[in-house]
4 protein chains.
Amino acid sequence: MNQAQIVDFDHDADADPAGLTFTFGGAAPVASLRPGSLLRTWTHDCFVGRVRQESDLASQVCDPRQLNPQTGPFYIEGAEPGDTLAVHFVSIEPRYAWGVSSTVPLFGALTATPTTALLHPALAERTWRYELDLAARLVHYSARDTHYTAELPLDPMHGTVGVAPALGEVRSSLAPGDWGGNMDTPEMRAGTTCYLGVNVEGAMFSFGDGHARQGEGETCGVAVETAMDSVVIVDLIKAVATPWPKLESDDFIMTTGSTKPLEDAFRISQQQLIYWVSELTGLSTLDSYQLVAQAVLSPVANVVDVVYTMVAKFPKHLLHGVAPMGGVHERLRRQAAAYLEGVR
Amino acid sequence: MNQAQIVDFDHDADADPAGLTFTFGGAAPVASLRPGSLLRTWTHDCFVGRVRQESDLASQVCDPRQLNPQTGPFYIEGAEPGDTLAVHFVSIEPRYAWGVSSTVPLFGALTATPTTALLHPALAERTWRYELDLAARLVHYSARDTHYTAELPLDPMHGTVGVAPALGEVRSSLAPGDWGGNMDTPEMRAGTTCYLGVNVEGAMFSFGDGHARQGEGETCGVAVETAMDSVVIVDLIKAVATPWPKLESDDFIMTTGSTKPLEDAFRISQQQLIYWVSELTGLSTLDSYQLVAQAVLSPVANVVDVVYTMVAKFPKHLLHGVAPMGGVHERLRRQAAAYLEGVR
Amino acid sequence: MNQAQIVDFDHDADADPAGLTFTFGGAAPVASLRPGSLLRTWTHDCFVGRVRQESDLASQVCDPRQLNPQTGPFYIEGAEPGDTLAVHFVSIEPRYAWGVSSTVPLFGALTATPTTALLHPALAERTWRYELDLAARLVHYSARDTHYTAELPLDPMHGTVGVAPALGEVRSSLAPGDWGGNMDTPEMRAGTTCYLGVNVEGAMFSFGDGHARQGEGETCGVAVETAMDSVVIVDLIKAVATPWPKLESDDFIMTTGSTKPLEDAFRISQQQLIYWVSELTGLSTLDSYQLVAQAVLSPVANVVDVVYTMVAKFPKHLLHGVAPMGGVHERLRRQAAAYLEGVR
Amino acid sequence: MNQAQIVDFDHDADADPAGLTFTFGGAAPVASLRPGSLLRTWTHDCFVGRVRQESDLASQVCDPRQLNPQTGPFYIEGAEPGDTLAVHFVSIEPRYAWGVSSTVPLFGALTATPTTALLHPALAERTWRYELDLAARLVHYSARDTHYTAELPLDPMHGTVGVAPALGEVRSSLAPGDWGGNMDTPEMRAGTTCYLGVNVEGAMFSFGDGHARQGEGETCGVAVETAMDSVVIVDLIKAVATPWPKLESDDFIMTTGSTKPLEDAFRISQQQLIYWVSELTGLSTLDSYQLVAQAVLSPVANVVDVVYTMVAKFPKHLLHGVAPMGGVHERLRRQAAAYLEGVR
């Protein structure tokens, strides 16, 4: 195995947020990466660091056009439409020992929104600050109205991972879709590989929106938001199309679907999983439909963003050893282990 | 602890299926149970045993008015509207060492249906037979078109659990709703307590539709269907309303929502969980919204029935020892353990 | 043409509302009708007359189990499953010169509801009283908070028209579905024939929920509610199945679909119209799909009830003279005209 | 009244389609217009003229990245975010005496699609050619499989009308949204004014996708598609925000909402209408909710595009003479009449 090229990409943390990237597509690349490169970088939190304590309300301190800043886009050398980008998360670690969450007026799953347009006034806006115990791997919740506290497992992940969309579109980093984007699934954690279909030359990969942890559905619209120090390996699978983002962990292959209503997001993710299992096992479509129907896990990712995201998970041991995507996950996993061994 | 009354209820397995119960509400009780009774009985499979091998097609051998037969209804002594019925599953065991699944014309998540009405002809109808290894706790899948096989964990559950609906309604056992019914969640396994709001005097509890296992979503519309030998304890919680069915296991409290579109089923389950956590912890609604948003698991139950069902799960350790429903789950768990000890 | 049997059916207006019919299915017939009978009767308003002025709030003066009382059910002689009931509305006239509307807590299209379950408190409850000018055919609107008034055209209709459901179900008169029920379409006006598939012997036809007028969608959940004096002719079309309710006016054939999400209600209504046009014209399904796509009108009926209802309308002149349902609408129209001529 | 500036904008009809505009946002302006300008131009049909006869199948002769070409974008002088663009359709006339429609694989309301992802193969692809009688104002339908013909009223309209989106987004001309775009409502006919909120400097207005007529819902996904000769007046209303596109005809004010599920598009359109009626009449929100609920017409626009579009219509006579948007529609109507008088 070749030694991967290691690329360090830093931001000017104090730069004008207006200069950051808030879209998938439409932005010039910040750097160019050779396939197989290991990228060490960090991502701003979704509020560009402006919400830090209980007295900071996003609607007052944030510009609504400057949410979910992306690190990137990175131009991937040799990537062309019809290829698949493999992004392996080597490590995702909170950059600071705190995170924030909030209710945001007219945003969230259990409130009127601009698209579930009702006549109610907005729910109260409020910010919660979480202290993170990075050694004990805990996230400390403190209630605002009572003295209740709770300790939740630290489980860092990225809400947004994506490439430039097709059809010349440029999409806000608040939206998920077939280009990835703001899928907000807790499955996007270290040790996982994300597969994204390439729509434009160079793919234009970016990511951000780190969460110290997140419930399935991101019900109130905001997870435990943190800046993240992340290490990813970016690789390229030529001439393999990936219509909707897929993930692979050591134990599961996973498909995603992002649309509304939520049953259509479910349908996309399940149909894509059925086709993938067929392809990997040689099962006919009906036989794969049957097997997936009995074996699948179907967690919600988000029910709050521009459209909603569902995940479908299939246990890899049922594939009888067939390696998805030509074994790229296992290869990147070993590469990541070698890197982590070296830095320990 | 008092010794529970043990009630054995048997069917005439060869009786005319037309005499079975296919609704929630509208049927005369088959027996009366005192709260706290332990009921030993069995349930037909969803096809009333008529689909047994690959050559049996449900559309040919079944009467569409005779699907999902219920064991019951049982009249629960003292149950009145505004009470909650607690149904603890002591054991759920496949009655035979086989199960069946199938595609059913114009039924399932990835096909046109009578309500997602399109112009496509139905997908091909086909039956899969599963051999069950009850000792090894395995379900054997065999493909129809190739020689692929797979072994899935046995995980027996009941698709339908419910009471008579409100407003004088009588609902088909194919439909889920606030009365329970055909929720089709794999969480309805042995060791779990299901809470159901009582709508009519006597509650009129029934259950059925056993599955040797089921994927989340029951994507093709049919799980691994089996007749079940089941033992349940039925208890009554007076003057506690339960607007939507809830579940409790040793590790989680769970809420359900059943409606369409699927995001509305998600909203019901999450709202109910937020209110329940508030009630158990004293958290304000907004604080509970925040805590649930970071801690919840949100698996799909079914996306195939008359309406769809979502589940929301919250770890009980975050409740700091508060026992939901006055500790009935723990009490019934002990009662079940004593019973199982006795029969071993 | 035979002289139709004329049947007068009166209620005891002061009877205990608990004795009225609030379901489709599950109630004993109030009378038996021969096919072709002309029925003269009246219907309570949806609040059973308890909301009469601005100070009457439905949540205070009504029993939630006693809304949308039905006149009926009527047993139709000879009706069997697989037949179609034709209900022709000869006249629909407000029984009194006033109507009421209201906002109802957690009910309506632009509010959180029990199934679009959010964390908002209910919108304010309020009642509006409308004076009706039956001579000028006007409905007088008066604002509550300002002095604004407006005159809207009187356009009387019935919100609920239906038969007993299939599968032994009993459904609340608040729900629409394939049995008809609470479809709440303004197309259900005098001069129109409604076709309903028969699910049980005798069909068990009932109707109610009169509206002096209604916007498309019934956005706030409540129309201008009035008791109605109505005359209908009930006829029977043997051995013609009607899977979803259809309507026919002098100018249009119409189909309905009732489900959620609303696009699925649209799909049902359009699919049923395409099949009906095919059947009437001999067009292939694809040719009918094409013609309907260019010619159809697609008004919303309701987006507030248990499920939502869409209507699809096709101009009859495009049928080149083919008479739907063997010409029953035209025959009943003549019968109605003769009757109205006689009573003038 | 000043004489409007008249601007003629022509295309090179034989130019490479790749050079046309297929997005809202992201394209350089083709011309700059002063507010009040009368623009005479034409628009390609949605297939860029490549589907002309029954043997032309869109999937074979079209590039999927080159559908719905726009005429524009036009830079409107002085337009800034927070303003409203008024686009008055003076005339819309088919450029040729024929139109085409088709079924497109996996596109349309009654078929599986990439987002209502099922396991069905696509419905058959087929093209229908319509002859247009521009003098008699008729559209001639001919069945493909039988000899059935029908004459439908000519009712020319534009499917796409829009400006550049907010948040730096670039959207395909196949998508509708709050920027307008592919709303596909038959209300977009001559004599109507469309109001669009300005998101970027210069607004970047474009339009296209002419239909000789269209049913409500555009059920098969394709209307009677034609190139159009169109005359529009483009005016600017400073410092008036328009969150979602609105329309005004001589008789109705109209609002639109575009999203999924369809009930949410309904909610947006109805909420926007309620707010607009409040603003024009001084009615409180609840009083406006009540009045709109009784008076509104709610036709479907499309249930086939990237998201779906609903329209809500309110009779202008109920506004008691208040002129929306400061009377711009009436002013442009007079300006249009003067122009049409001049060219007659």
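Student: How many of the eight residues of strand β21 (residues 308–315) of chain A are buried?

Tutor: In this predicted model, seven of the eight residues are buried, and strand β21 of chain A is thus described as mostly covered. A residue is buried if 20 or more other C-beta atoms, placed from the backbone, lie within 10 Å of its own. Strands are DSSP runs of E with at least two residues, helices are runs of H or I with at least four, and both are numbered from the N terminus.

Student: How are the residues and chains labelled, and which pLDDT limits apply?

Tutor: Residues are numbered from 1 along each chain as its sequence is written, and chains are lettered from A and ligands numbered from 1 in the order in which they are written. Local features need pLDDT of at least 70 and side-chain atom pairs count only at pLDDT 80 or more, while totals for chains, interfaces and linings use all residues.

Student: Which strand pairs with β21(A) over eight bridges?

Tutor: Strand β19 (residues 252–259) of chain A does, in the antiparallel sense; strands pair if DSSP finds at least two bridges between them. A:Thr255 stands opposite A:Ala312 in β21(A).

Student: And how many bridges join β20(A) to β21(A)?

Tutor: Two bridges, also antiparallel, join β21(A) to strand β20 (residues 300–302) of chain A. A:Asn302 has A:Thr309 as its bridge partner, and five residues separate the two strands of this hairpin.

Student: New topic: at what angle do α2(A) and α2(B) cross?

Tutor: The axes of these helices, residues 262–281 in each chain, cross at roughly 110° and come within 6 Å. Axes are lines fitted to C-alpha atoms over the stretch in contact, with angles from 0 to 180 degrees between N-to-C directions. The two helices are therefore roughly perpendicular, a label for 65 to 115 degrees.

Student: Which residues meet there?

Tutor: A:Leu262, A:Glu263 and A:Phe266 meet B:Leu262, B:Glu263 and B:Phe266; contact requires C-beta atoms, placed from the backbone, within 7 Å.

Student: What about chains B and C: how many residues does each give to the contact?

Tutor: Each of the two chains gives 24 residues. On the side of chain C, α2(C) provides the largest share, four residues. Of the interface residues of chain C, 100% are also interface residues in chain B, so the copies meet through the same surface.

Student: What rotation superposes chain C on chain B?

Tutor: A rotation of 180° with 0.0 Å of shift along its axis does so, with RMSD 0.0 Å. The two copies are thus related as by a two-fold rotation axis. Superposition is by least squares on C-alpha atoms of residues with pLDDT of at least 70 in both. In chain C, C:Val170 comes closest to that axis, its C-alpha lying at 2.3 Å.

Definitions and conventions:
Angles under 35 degrees count as roughly parallel, over 145 as roughly antiparallel, 65 to 115 as roughly perpendicular and the rest as oblique. A residue is buried if 20 or more other C-beta atoms lie within 10 Å of its own, exposed if 12 or fewer, and partly exposed in between; C-beta atoms are placed from the backbone.
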